[in-house]
Amino acid sequence: EHSSRCSHFALLGLPPRFALATEEVRAAYKALQRRLHPDVHHAAAAAEGGLGGAAAEAAEAAEAEGITVLSDPVLRAQHLMVARCGVDPLAEDAGSGSSLSDPELLMFVMEERQRIEDLDEFAGSGEADHRAASVDALMAHYQGLFEDAAEGLDAGLDAAAVAEVDGDDAQRAEVVRALTGKVVRMQYLSKLKDECHARIEV
């Protein structure tokens, strides 16, 4: 079953769902670190044949990857789709039905990137306040669009699972295609936010 492969969620003791608060992920990570930290439980770990050497390093690497993936909404959505649907929505071969080949989305991204680049005209020109306000407004706009794109992701994953159980391949394929489009749109919007954020630091 695909859901059994939600390894990052299982590792951190979190339910395999998209709608997780960042604080929830961090709290689960800290709890896991406390349980596994060799300085805190060295005697108990030794008595129980706890982790050591390469095994401890592998566990630390898995923890770090888990927190990285689950803290990033795009990576979390990608991980869920791979685990629950067996599809990587961000792979180049995600399918011709995905938003990777959506001309409307690509045109939107090109126009928005130009809009962001236009803000560079205000860099160091004495209009820094206008530039900062414009960057903040764009970031808020992209965050709103991101949240719209992410809405219903868990329900879609559940619908794909139901279609799979029912043996309705056509319905499952349609739902997975829609989910793929959502995640790709989220990725592009996340990149636009990052481009805005880079201009705050300049």
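This note goes through the structure point by point.

1. The model is predicted: local features need pLDDT of at least 70, side-chain atom pairs count only at pLDDT 80 or more, and totals for chains, interfaces and linings use all residues. Residues are numbered from 1 along each chain as its sequence is written, and side-chain values use heavy atoms, with hydrogens and water left out.

2. The protein chain has nine helices and zero strands. Helices (H or I, at least four residues) and strands (E, at least two) are DSSP runs, numbered from the N terminus.

3. Of the 202 residues in the protein chain, 36% are buried. Buried means under 20% relative accessible area, exposed means over 50%, and partly exposed lies in between (1.4 Å probe, protein chains only).

4. Helix α1 covers residues 7-12 and includes Ser7. Ser7 has a relative accessible area of 43%, so Ser7 is partly exposed. The C-alpha atoms of Ser7 and His79 are separated by 9.1 Å, and these two residues are 72 residues apart along the chain.

5. Arg26 belongs to helix α2, residues 22-36. With a relative accessible area of 48%, Arg26 is partly exposed.

6. Helix α8 spans residues 153-166, which is 14 residues. From its first C-alpha to its last, α8 reaches 20 Å, close to the 20 Å expected at 1.5 Å a residue; the expected span is 1.5 Å times one less than the number of residues. The buried residues of α8 are Leu153, Asp154, Gly156, Leu157, Ala160 and Ala163. Just after α8 comes Gly167, with a positive phi of about 75°.
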